[in-house]
Structures are given as C-alpha cells and as structure tokens.
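I opened the notebook to log what I looked up in this structure. The entries follow in the order in which I wrote them.

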Amino acid sequence: MEPVALLIILINSLKASAAYEIPLSSENNQKNIDFISNYTEFLYERHNFDTFLIFCDNCSHSSESAIGETNLPQYLMRDLQIPLIIWGMERRVRFKHQLGLNNLVFIYIRQLRDPLLRVASETLTDLHFTAMMVILKTETIPDSRAIKDFFENCWAFNIINVVLIIFHGKETIEDLKIFRYSPFPWLAFEEVEEVVFDERMNFILEYINDTRGYVFDTPIFMNPPSVFLTPYEQHHNNISYPYITGTAGRIFHEFTHYVNGTINVVLNCNVSFYSYHKETLLLAALKVIDIGVHPYSGLLPYANETSGSYPIGYTNACIIVPVIPEIHPSDYIYRSLQPTILGILFLELLSLFLVELLRLRTFDFGEGVIYAFGTLLFQAMEPQRFQQRKVLLRVLHLLVVTVNVLVESTFCASLTSLLSTTVYGDQIDTPEDLLRSGLQIMVNRYEKEIYFDSELLPAVLRPRLFQVNATFSSWNKNKLNTNYAYVATSMEWRKLNLQQQLLWKPKFRLASAGDMCTASYFLRFPMQWDSPFHSALIKFFFVIQESGLLKVWEDRSIYHAISLNLLYYMDNDKIPGQYFDWTYLQKPLLIYGLMMLGAIVCFLVELWLYQRRN
C-alpha cells in the first residue's frame with residue numbers, strides 16, 4: 001500500500017487497528033471487491049453517506065492480503081473521498097458525536113457468531129438508522145438455522161438495516177449469496193435472488209412506523225389513574241379483551257396502534273406502585289421487553305441502572321398535610337380580643353379606680369371597683385354626683401369613657417368581620433410547623449428509603465415517621481385519613497386532589513415550604529438502549545402534545561378510573577357536615593356563667609363586710 005494512502009487512513013481513524021486492509025485474501029478476489037465497491041457506490045448515490053466505518057479483527061497490512069490490485073479502504077478513500085474509520089475489538093469507546101448522522105458500516109466476520117457484531121452494537125448509536133453490510137468469507141454456505149440465529153442476534157442488538165453478504169467458494173462472483181431480514185411482525189429472513197442493483201436492495205429504513213402487527217409484551221400492574229386495565233369488547237364479537245388505559249397507559253396503547261403493533265398484556269399482581277421491583281424496571285434493559293408501560297423517575301434508587309428511556313414529563317414528591325379547619329364560631333370572641341384591646345381595657349379600669357380613690361381621698365377598694373366597672377359598662381351617673389366632682393376628675397372620667405367607646409367599636413367591628421368570613425387556623429408549611437403540630441408522617445418502607453434515608457426530604461422529620469406496609473399506607477392515603485401526613489408524588493397528589501375536588505372544604509394540601517418537596521425529576525418510559533422505536537415515539541409524542549390529545553387522554557383516563565370505582569371519589573354526602581347546635585353556645589354560656597358566679601361571690605363578700613361593720 002502506498003505511504004500516502006496509509007497516512008490518510010491514519011488521520012481519519014479514531015483508533016485504527018494494527019491493520020488497514022480487509023482480509024478477504026484468496027487467489028483471485030478482484031470480482032468480490034468489485035461487487036462490494038459497486039454496491040457501495042450504488043448506496044452512496046442514494047443516501048449520500050457522511051462516514052464509512054469498517055470493523056475487522058486482526059487485519060493484516062501485508063501485500064499478500066490485498067484483494068487484487070486494490071482493496072476496500074483504498075477505494076473508499078480514493079474514489080469516493082469519504083472519511084473512513086477502521087476499528088478493531090475495542091469496546092470502551094462509543095461513537096456518538098464523532099461520526100455524522102448518515103453512515104455506512106462494513107463488518108468483516110469469520111463466522112456467524114463472530115463477536116464483532118457485539119462490538120459494533122456497543123460502539124455505535126442509532127443502530128436502527130445505520131446501514132450495515134456484514135461480509136462473511138467461507139467455503140460452505142451456513143444452514144438456515146445458523147442464518148436465522150445470526151439475524152436474531154442482530155435484532156437483539158437493535159440492528160435492523162443490515163444485509164448479510166456471504167462469499168463462498170474460491171473465485172467467482174456467482175458464488176455469492178445475499179440475505180436480509182425483517183423483525184416485523186415476526187423475525188423472518190429471505191435470500192435476495194434478483195439483480196444486486198435492484199431497487200429492493202435499498203434496505204435503509206427511515207422510520208419504523210409500520211411494524212405490521214408486531215407483538216409488544218407488556219407486563220403491567222394496576223396503578224390507577226396512571227396505568228390500569230379495562231375490558232374492551234370488539235364490534236360483532238362477544239369476547240372481551242384487556243385494554244390498557246390511564247394517564248400513561250393510554251399513551252403506550254395509542255403508540256402501539258400508531259406503529260401498527262399489538263399488545264400482549266402480562267398482568268403482574270405481585271408488584272405495585274409502592275413496590276416497583278428492580279427486576280420489573282430493568283426488563284427493558286435486559287431486552288425482555290421493548291418498552292415499559294409504567295413510567296419511572298430518578299427518585300428510584302436503582303433508576304441509574306436502566307439502559308434507555310424516553311421522558312414524558314416531570315415529577316417530584318412533597319409532604320401533604322391535613323388542612324387545619326376553620327376556627328369554631330365560639331372562638332371568634334377570643335380572636336377579636338387582641339392583646340392590645342385587653343391592655344387598653346385594663347388601663348381604663350386602673351385609671352377609673354385611681355380617679356375614684358382621688359375623689360374619696362382614701363383607699364376604698366370596693367368603691368373603686370364598682371365605679372370603674374360601672375363606668376366602663378356605661379352605667380348612668382346622677383348629674384348631682386357628677387357636678388360635685390372637680391373639673392380634672394370630670395375630664396379624666398369623660399376621657400376614659402371616650403376611649404372605651406372607641407375600643408368597643410373596634411372590637412365589634414372585628415367580631416362582625418370574623419362572623420362574615422371563614423377563618424382557618426395556622427396551616428402547616430414548614431418542618432417546624434409539622435413538628436409542633438404533633439402529626440406523624442405515615443410512610444412505607446419504599447418511601448422511607450427513597451425520601452428520608454437518602455435525605456431528599458428534611459432529616460429532622462425522621463422522628464415523626466410512622467412506618468407501615470404499603471397496602472395500609474395506600475388505603476389510608478386514598479381514604480384521605482387526616483390523622484396523618486403523607487408523602488405523595490405529583491401523580492399521586494393529582495389523584496388525591498381529584499378525589500377531594502367535590503368536597504366543600506379540602507382535607508389535604510401541599511406543604512408550601514421549599515424543603516418540604518424534592519427536586520423535580522424526569523418521568524420516563526423505560527426502553528431498550530438505542531431502541532428502534534425511539535424515533536417513532538418522539539414523533540408520536542410531539543404530535544399528541546401539540547394537538548392537545550395528551551391532555552384529553554389524561555382527563556378521560558382519570559374519569560374512566562372513577563367510573564370503574566378504581567378511585568375513591570369523595571363528595572359531601574359521604575362526610576358528616578357541621579350544623580349549628582348547642583356546642584356553638586357552649587363556651588359563651590360557660591364564660592357568662594363564670595362571670596355571674598364571680599358577681600355573686602363579690603355580692604356575698606360585700607354583704608358580709610357590710611353586716612360586720614354594722
């Protein structure tokens with residue numbers, strides 16, 4: 001090989017192997033390399049590739065391995081003038097931003113189970129868009145079982161746009177077989193017997209929008225309103241089929257119809273939202289399923305072990321607390337009697353008491369108290385008695401009475417304002433408020449480990465945790481039991497808020513302090529890494545968002561869950577109301593009775609003192 005060609009190949013390689021020529025050595029392989037080059041030129045004219053990439057193992061650069069007078073790297077660099085990369089068995093590098101968007105990959109293998117196919121899958125991205133030519137040089141044609149196993153491995157690695165070119169024999173172009181496959185609706189391969197330049201050999205797929213009935217295995221568990229099953233009966237057919245719906249399930253269901261697929265529902269009763277098992281989440285990463293129907297977020301401790309995903313929104317978790325109810329009407333008097341008013345009343349009593357002592361010029365406690373309270377209660381005074389007082393004492397008397405009128409007017413105005421509105425108690429907003437309230441936070445093991453052991457929520461609240469099993473926690477939360485506080489994700493809070501929307505007074509609210517909520521995380525569908533359905537899902541999700549279908553499906557799914565009694569929808573008929581009864585007058589009557597008792601005691605004491613003096 002010429003030194004200039006070697007230099008060009010080195011510059012355009014990210015990590016070149018020790019070899020720069022493809023080992024298809026035989027006595028006369030010129031026709032074989034001519035076929036590859038002509039076929040490559042045919043594809044290049046139609047797709048205008050950005051980069052060529054060759055995978056080969058232990059390539060030799062000796063002149064004996066040259067294929068005729070030229071070889072494939074020389075042809076790609078010299079004639080097509082396209083950047084070329086030659087790669088070996090290195091797996092630790094992933095070509096993501098180094099290559100263009102439109103590439104053609106050559107993979108030279110020695111057997112159908114060659115590890116180079118795995119190397120290519122772990123090195124490249126967007127494999128379902130990448131056109132691949134797998135070239136096998138052998139003396140005998142592999143049987144159909146071996147070829148099918150090869151294409152099953154391709155589908156396992158999400159490689160779809162691939163043709164298998166097998167050169168067998170020793171010299172002639174007639175000793176050539178070309179195979180391609182399709183995974184939809186089930187995996188099948190075929191041998192291409194037409195002319196190699198026929199349009200059918202244009203095997204590159206732009207988008208996967210028609211899977212022709214491909215079956216999506218879908219393990220689900222009941223989690224209304226996000227994902228749940230409902231019976232669906234086909235027209236002119238009495239057989240009921242399980243229909244996946246819900247705020248997330250409807251998206252998955254409609255997407256499978258969008259790509260012309262079918263769903264095989266696998267109901268898993270041992271999993272719930274509060275026990276989202278690691279094995280269930282990683283089914284897509286293990287390539288057991290293509291797409292998971294239950295969305296997850298980074299709040300899960302093992303979410304980083306998933307291989308691929310698609311974001312459909314945001315979520316977080318907050319502490320929801322009971323709404324402190326409005327104060328009892330009998331407490332309005334105490335709410336109106338502010339410390340300032342009480343202080344002014346005390347000063348008025350003290351002032352009137354001193355004024356009476358100054359008039360008497362002696363300490364007479366009884367007369368002072370009677371005069372003070374009588375004046376504040378607007379008891380009439382005889383004009384002669386008032387005229388007998390000195391001018392200064394009369395001025396002080398009128399001044400105290402005027403201040404008392406203003407204070408009582410202010411008190412009556414406050415009381416009237418309170419009686420005409422609903423006044424709630426101090427709400428729980430901060431961790432300190434929750435600690436002072438004495439409420440416990442009911443959590444299950446899942447919530448304790450994720451939110452409090454990981455310190456996503458305030459650690460000072462740990463003494464208030466009340467850990468129970470997931471079933472009991474879910475039951476109390478859905479019944480809106482106000483004896484506890486809870487931790488709820490944004491999806492859960494939407495469900496609980498919907499359950500209480502018909503109530504005249506809400507039972508729960510979100511604690512408003514920032515540290516009472518976690519940060520926001522992406523809500524994602526679990527998918528295989530580099531899934532061939534990723535691009536179709538992007539296009540589908542964009543359409544339903546912009547058209548408003550996503551919002552319509554979410555609302556209908558919620559009301560569908562309510563109609564099936566999957567959600568506990570509360571209304572005022574199920575909650576005993578508060579009616580006006582004797583309890584409203586209990587405290588005022590108690591206060592009035594105590595004051596009358598005090599007045600009687602004072603009267604008896606004065607009567608005893610009077611009899612003693614006489």
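**Elements.** I took helices (H or I, at least four residues) and strands (E, at least two) as DSSP runs, numbered from the N terminus. On that basis I found 19 helices and 19 strands in the chain.

**Ground rules.** I am working with a predicted model, where local features need pLDDT of at least 70, side-chain atom pairs count only at pLDDT 80 or more, and totals for chains, interfaces and linings use all residues. Residues are numbered from 1 along each chain as its sequence is written, and side-chain values use heavy atoms, with hydrogens and water left out.

**Whole chain.** I called a residue buried under 20% relative accessible area, exposed over 50%, and partly exposed in between (1.4 Å probe, protein chains only). Buried residues come to 45% of the 614 in the chain. I then turned to contacts, meaning heavy atoms within 4.5 Å. I took those between residues at least 6 apart in sequence, and 77% of them join residues at least 24 apart.

**Disulfide.** I searched for pairs of cysteine sulfur atoms within 2.5 Å. The count is one disulfide. Cysteine 318 and cysteine 517 form it, with their sulfur atoms 1.9 Å apart. The S-S torsion of this pair is about 115°, so I noted the disulfide as right-handed. Cysteine 318 sits in strand β14 (residues 317-322) and cysteine 517 in the loop between β18 (508-510) and β19 (521-527), so the bond ties together parts 199 residues apart in sequence.

I checked cysteine 318, which is buried at 5% relative accessibility. Cysteine 154 has 0% and counts as buried. Cysteine 602 has 48% and counts as partly exposed.

**Glycine 308.** I located this residue in strand β13 (residues 308-315). Glycine 308 is buried, with 11% relative accessibility. Which residues does glycine 308 touch, not counting residues up to four places away in sequence? I listed Tyr296, Phe525, Pro526, Met527, Gln528 and Trp529. I also checked leucine 282: it is 26 residues from glycine 308 in sequence, and their C-alpha atoms are 9.8 Å apart.

**Helix α6.** I found α6 (residues 249-258) mostly covered, with eight of its ten residues buried. Among the buried ones are Arg250, His253 and Glu254. Asparagine 260 follows α6 and has a positive phi, near 60°.

**Helix pairs.** Two packed helices are described by the angle between their axes and the distance between the axes. My axes are lines fitted to C-alpha atoms, for helices over the stretch in contact, and angles run from 0 to 180 degrees between N-to-C directions. Angles under 35 degrees count as roughly parallel, over 145 as roughly antiparallel, 65 to 115 as roughly perpendicular and the rest as oblique.

**α9 and α10.** The axes of α9 (residues 339-360) and α10 (residues 365-376) come within 8 Å and cross at roughly 130°. The two helices are therefore oblique to each other. Residues in the contact include Leu345, Leu349 and Phe353 of α9, and Phe365, Val369 and Tyr371 of α10.

**α17 and α18.** Here the axes of α17 (residues 534-547) and α18 (residues 549-563) come within 5 Å and cross at roughly 80°. That makes α17 roughly perpendicular to α18. I listed the contact as Phe540, Phe541, Ile544, Gln545 and Ser547 of α17 with Leu549, Leu550 and Trp553 of α18.
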